Amino acid sequence: MPKSREWHLVARPQGWPAPDDFALVETEVPEPGPGQILVRNLYLSVDPYMRGRMNDVKSYAPPYALDAPMHGGAVGRVVASAAEGVAAGDHVLHGLGWREYALVDAADAVVVDPARAPLTAYLGVLGMTGMTAYAGLLRVAAMAEGDVVFVSGAAGAVGGQVGQIARLKGASRVIGSAGSAEKVRLLVEEYGFDAAFNYKDGPVAEQLAAAAPDGIDVYFDNVGGEHLEAAIGALRVHGRAALCGAIAQYNATEPVRGPRNLGLMVGRRLTLRGFLVHDHQDLRPEFVREVGGWLRDGRLRHRETVVEGIENNLEAFLGLLRGDNTGKMIVALPAE
Ligand SMILES: NC(=O)c1ccc[n+]([C@@H]2O[C@H](COP(=O)([O-])OP(=O)(O)OC[C@H]3O[C@@H](n4cnc5c(N)ncnc54)[C@H](OP(=O)(O)O)[C@@H]3O)[C@@H](O)[C@H]2O)c1
């Protein structure tokens, strides 16, 4: 049997994760037991939520254990099966990423069809991040036709899809912020945003006011901090914000100061609502039908940033936190 390499968390990061907090460990590949499948992973997802799992704090999901493999979304090919309904050669989506081979309970895997969509799409545009954009914008923020929509982290996996769905659903104006001039150009020229700005160029509130002089109706928050405060300041009466993530704060070592303008919520009757994509799985069939259709007819664009090799899995994750990615960040592994 071949060997497998997998990434372990060996120390809990303080602030920015350091290479010494992780180890790439070689293990034996086991035979699948009853109900199990052995999967050769082909594509691994790295996602911002993984930073939270590295902390030993009570959260909506347990933290990564020390000296044990980390996990996350992955797609691979079944190389051996002892489970009914899944055969060697099938492709599956499952939750045991950060490793080359995964021993998976078949009940925790979903067979996917590479003929229907590229395998990476099941991690991104048609997967968890795409679903987050769809549910967060349309259900949580209840975006309606004619709304002015602002999204932060707009050149990332979730944000890029939020802005385009807003446009396809009849937003009157779509504004995005991102961390480089190249990303800003992509938003306007390829994704069809009406306006975009680089949040590193100056205060977010000032740049947002210039891009949305009459204010906004919906804010999709991927970033938190200064972005959230600026958006609250720009929201109009009955405005809504979907709080999806706060990546600007994930490596903070001190408690983070909240928005200083929450008092505006009363007079403007604002709604700020946090959400987790897992609570909205009932929308999945509708999401796949609608987003799949937009992808097929070319009305929805998406990008992926692909890093090669299990040895670069950690660097891909750190790159995601730094903003190296445009669209979904993926790690590709060779087939054997
Ligand atoms: N609630 C849920 O169920 C759920 C599900 C999935 C994702 N999320 C959240 O959604 C957000 C986006 O996730 P994603 O998977 O689509 O990641 P992503 O946006 O593809 O990648 C992360 C991006 O964050 C940006 N960033 C990093 N530090 C920043 C800072 N200090 N200020 C502003 N932007 C910063 C970087 O782009 P720039 O170059 O633009 O800085 C980077 O490319 C994250 O907050 C994530 O935790 C939530």
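Let's start with F287, which is buried, with a relative accessible area of 0%. Buried means under 20% relative accessible area, exposed means over 50%, and partly exposed is in between, with a 1.4 Å probe and protein chains only. F287 sits in helix α8, residues 284–296. Helices here are DSSP runs of H or I with at least four residues, strands are runs of E with at least two, and both are numbered from the N terminus. Now look across the fold. F287 and L126 are 161 residues apart in sequence, yet their C-alpha atoms are 8.1 Å apart in space.

A word on what you are looking at. This is a predicted model, where local features need pLDDT of at least 70, side-chain atom pairs count only at pLDDT 80 or more, and totals for chains, interfaces and linings use all residues. Residues are numbered from 1 along each chain as its sequence is written, and side-chain values use heavy atoms, with hydrogens and water left out.

Next, the whole chain. It has nine helices and 16 strands. Of its 336 residues, 51% count as buried. The C-alpha trace spans about 65 × 45 × 35 Å along its principal axes. What radius of gyration would a compact globule of 336 residues have? Near 20 Å, and the chain has 20 Å, which agrees. That radius is taken over C-alpha atoms, and the globule rule is 2.2 Å times the number of residues to the power 0.38.

Now the ligand. There are 27 residues around it, and K183, Y199, Y250, V277 and N325 come nearest. Near means that a heavy atom of the residue lies within 4 Å of the molecule or strand. The shell divides into 17 nonpolar residues, nine polar and one charged. For that count, Ala, Val, Leu, Ile, Met, Phe, Trp, Tyr, Cys and Pro are nonpolar, Asp, Glu, Lys and Arg are charged, and the others, Gly among them, are polar.

A backbone N or O atom of V158 lies 2.8 Å from an oxygen atom of the ligand. A polar backbone atom of G179 is 2.8 Å from an oxygen atom of the ligand. For Y250, an N or O atom in the side chain is 2.8 Å from a ligand oxygen. How much of the ligand does the protein cover? It covers 90% of the 910 Å² of accessible area that the ligand has on its own. Such areas come from the Shrake-Rupley method with a 1.4 Å probe; for residues, only the protein chains shown count as cover. Which elements give two or more residues to the shell? They are α2 (128–140), α3 (157–168) and α9 (313–322). The largest share, three residues, comes from α2.

On to the strands. Strands of a sheet pair through backbone hydrogen bonds, either parallel or antiparallel. We count two strands as paired if DSSP finds at least two bridges between them. Strand β1, residues 3–9, pairs with β2 over seven bridges. Within that pair, K3 stands opposite E28.

Elsewhere, β9 (residues 148–151) and β10 run parallel, joined by four bridges. V148 stands opposite R173 in β10. Strand β10 covers residues 173–178, and five of its six residues are buried.

Now some polar contacts. A polar contact is a pair of N or O atoms within 3.5 Å; within protein, one must be able to donate a hydrogen and the other to accept it, and residues adjacent in sequence count only if both atoms are side-chain atoms. H94 lies in strand β6, residues 91–94, and is buried at 5% relative accessible area. Its side chain makes a polar contact with the side chain of N41, at 2.8 Å. N261 lies in the loop between β13 (235–243) and α7 (264–268). N261 is buried too, at 16%. The N261 side chain reaches the backbone oxygen of E229 at 2.9 Å.

Last, the backbone angles. Most residues other than glycine have a negative phi. A142 is not a glycine, and its phi is positive, about 50 degrees. A142 lies in the loop between α2 and β9, and is partly exposed at 38%. H238 has a positive phi as well, near 65 degrees. H238 lies in strand β13 and is partly exposed, with a relative accessible area of 47%.
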